[in-house]
Amino acid sequence: MSGAPSPAGPPRPTPPIPILPYSRIVGQDELKVALELNFIAPDIGGVLVSGQRGTAKSTVVRAFALMSGGALPVTLPINATDDRVLGGWELDALMQGEPKRQPGLLEEAHVKGLLYVDEVNLLDDHIVNIILDVVSTGVLSVQREGLDTTAHVSFGLVGTMNPEEGSLRAQLLDRFGLMVPTAELGIEDRHRMIDAVLTFEEELRVEDSAWIRAAEQDNERLRGGLLAARDRLPRVRLDGKMIRLCAEAAARTGAVGQRGDLLVARAARALAAKDDARRVEPAHVRRVLPLALRHRRPESAHGSAFGWGQDEDAAVSDLFG
């Protein structure tokens, strides 16, 4: 019958989330390493990313979350309240006299694998402390408003900040395992970045895009490598000589407190696992020093001075021959 509607046909597959695949991100190599090490060794305790607007901080974090966990990260809003973070009661059910607990963002992050705190330097210090405590202990304890629950949770933590908008207190800076300032791209990388983004935008409109399939296959290979490194981690040897090297390097660069020493060791071990090495070598230690220590030096405690350059390298050069 001519007036009958045509069949709808099979449903089209859900289009890819419009975020450049992690395997096609250009530059920001140090940030990628930090995110990957934190994934391999969750006890590192999170990554803090500092950079001005437009330096692709959020893009890299979201692309990493999609690659490693298959979903966008749980994102904490700046105006988050205790009950939104920790969990509370569902208001609609409570008004009907049926108390029903509503899980918070930290439990959601446990399911999805990654909690993303954008503009962490603008978040209430109390909320940041809660998050960092849970990441450190792996225990979410809620005792408020008639709630008394305890749960074991595990998730990656990434915070980003624009230093132009204010600093983060030294006590909170120190609680992040690794810290990375985003790098300004050179001309060649800017060219490659523009090409990658424009190509991706065009390929999103192509049904069953070969370019996107290749990028997703590369993402799967990356994820498989990270999972294999996580499995290898317990078998990577960190001997007494390397432990002493971690401690001496932290002392030479003026790192405040002892947390930095431990983070150098954890990050070096994760890097060795990533490299499929059986033991931590001096090269692993040296590579992670800036990641673990740049935000623990005295000059970093009072603002946004997160640099690492010739002076820091010179302070430890003789340790590495």
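Start by selecting Met 193, Ile 194 and Leu 198: together they make a nonpolar patch on the surface, with about 250 Å² of accessible area between them. Keep in mind as you click around that this is a predicted model.

Stay on Met 193 for a moment. Colour helix H8, residues 187-203, and you'll see that Met 193 sits in it. Is Met 193 buried, partly exposed or exposed? With a relative accessible area of 31%, Met 193 is partly exposed, because that label covers values between 20% and 50%.

Next, show two helices at once: H1 (residues 29-40) and H11 (residues 259-274). Their axes come within 9 Å and cross at roughly 95°. Angles from 65 to 115 degrees count as roughly perpendicular, so that is how H1 and H11 lie to each other. On the H1 side, pick Glu 36, Leu 37 and Ile 40. On the H11 side, pick Ala 267, Ala 270, Leu 271, Ala 273 and Lys 274.

Now step back to the segment before H1 and select Gln 28. Check its backbone: phi is near 55°, a positive value in a residue that isn't glycine. Gln 28 is also buried, at 9% relative accessible area, since buried means under 20%.

For your last stop, go to the loop between strand S1 (47-50) and helix H2 (57-69), where you'll find Ala 56.

Conventions
Residues numbered from 1 in each chain as written. Predicted model: local features only at pLDDT ≥ 70, side-chain atom pairs only at ≥ 80, totals over all residues. Heavy atoms only, no water. Patch = residues over 30% accessible without salt bridge, like charges linked within 9 Å, V, L, I, M, F, W, Y side chains within 5 Å. Areas by Shrake-Rupley, 256 points an atom, 1.4 Å probe, with all protein chains shown as cover. Salt bridge = Lys/Arg side-chain N within 4 Å of Asp/Glu carboxyl O. Helix = DSSP H or I, 4+ residues; strand = E, 2+ residues; numbered from the N terminus. Buried < 20%, exposed > 50% of the residue type's maximum accessible area, 1.4 Å probe, protein only. Axes fitted to C-alpha atoms, helices over the stretch in contact; angles between N-to-C directions. Parallel < 35°, antiparallel > 145°, perpendicular 65-115°, else oblique. Contact = heavy atoms within 4.5 Å.
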